[in-house]
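Subject: Structure for your files

Hello,

Here is the structure, with the sequence alongside. My notes on it follow below.

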Amino acid sequence: ARAPRAVRGLPAGAPGSTAGAAAPRMRPGAVAGRAGGKARVGGRGRAGAARGTPAKGGASPMGKAARKAKICKDRAKRMQALWGQCATVVKQVKVNKYSWPFHKPVDWKALNLPDYPTIVKTPMDLQTVTDKLGGVDAKGDRTYQTPLEMRDDMRMIFDNCRLYNQPGQDVRIMGDMLSDHFEKRWQNSNIEGKWLMECEIQKYEDEELAQIEAGKWGRSAGG
């Protein structure tokens with residue numbers, strides 16, 4: 001059979017460019033897909049308005065509750081990460097070879113140091129810091145409200161050591177070396193910088209939470 005002739009005036013390959021060429025085949029469901037596409041576009045717009053777009057006069061109660069829950073969840077996650085870094089610093093101090101005299105509260109009676117409680121007014125030790133932090137992984141009940149409180153207690157351990165022990169004494173030497181070890185680990189962790197950033201984030205979050213409580217969150221500019 002002869003090949004179909006090209007029709008003059010039409011470029012090769014264009015629809016109708018060959019005489020007797022078969023009609024282009026349509027994919028199954030193509031027509032339905034187009035019709036369905038219109039339905040999906042319209043449906044998506046309506047559904048999107050119901051889910052994420054505040055109605056006139058403000059966001060829905062469900063939207064407010066979800067936003068409030070997300071703020072609280074994100075904050076808790078960030079803070080747990082900070083507390084975990086604090087726990088890591090304490091661990092790094094506790095495994096140091098000079099740390100053993102500071103692991104537990106000074107038993108001044110057993111050590112026959114009757115003047116210890118009169119000189120050291122605020123005793124502190126690594127076990128107490130760990131307990132106040134919420135355990136070795138900082139996942140339990142915490143007494144500390146901020147990482148800086150933990151930092152201050154750690155420094156108090158070494159301040160007490162300097163207060164009671166004279167320069168040159170073994171415990172004083174160990175305390176000074178452990179203090180340097182802690183300060184380096186604390187500085188390298190940048191926990192203070194991260195905490196300052198966290199405070200700024202919480203400031204904006206608190207403003208948003210206040211708007212939610214006052215019913216102002218999610219309102220349009222003209223509302």
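Which residue follows α4, and is its phi positive or negative? The residue is Gly134, and its phi is positive, near 100°. Please keep in mind that this is a predicted model.

The rest of α4 first. The helix covers residues 126-133, and its buried residues are Leu126, Val129, Thr130 and Leu133. Viewed down the axis of α4, they fall within an arc of 100°, so they line one face of the helix. An α-helix has 3.6 residues a turn, so residues three or four places apart point the same way. At the start of α4, Asp125 places a side-chain oxygen within 3.0 Å of the backbone nitrogen of Gln127.

Next, the salt bridges, of which the structure holds 15. One of them joins Arg75 and Glu205, with 3.0 Å between the closest N and O atoms. Arg75 belongs to helix α2 (residues 61-94) and Glu205 to helix α7 (residues 191-213), 130 residues apart. Both Arg75 and Glu205 are buried.

Arg78 and Glu198 also form a salt bridge, at 2.7 Å from N to O. Arg78 is in helix α2 and Glu198 in helix α7, so this pair ties together parts 120 residues apart in sequence. Arg78 is partly exposed at 23% relative accessible area, whereas Glu198 is buried at 4%. Arg75, Arg78, Glu198, Glu205 and Asp206 are linked in a network of salt bridges.

Another salt bridge pairs Asp152 with Arg151 (2.8 Å, N to O). Asp152 is partly exposed, at 38% relative accessibility, and Arg151 is buried, at 13%.

Regards

Technical notes: Residues are numbered from 1 along each chain as its sequence is written. This is a predicted model: local features need pLDDT of at least 70, side-chain atom pairs count only at pLDDT 80 or more; totals for chains, interfaces and linings use all residues. Side-chain values use heavy atoms; hydrogens and water are left out. Buried means under 20% relative accessible area, exposed over 50%, partly exposed in between (1.4 Å probe, protein chains only). Helices (H or I, at least four residues) and strands (E, at least two) are DSSP runs, numbered from the N terminus. The arc is that of the directions from the helix axis to the C-beta atoms. A polar contact is a pair of N or O atoms within 3.5 Å; within protein, one must be able to donate a hydrogen and the other to accept it, and residues adjacent in sequence count only if both atoms are side-chain atoms. A salt bridge is a side-chain nitrogen of Lys or Arg within 4 Å of a carboxyl oxygen of Asp or Glu.
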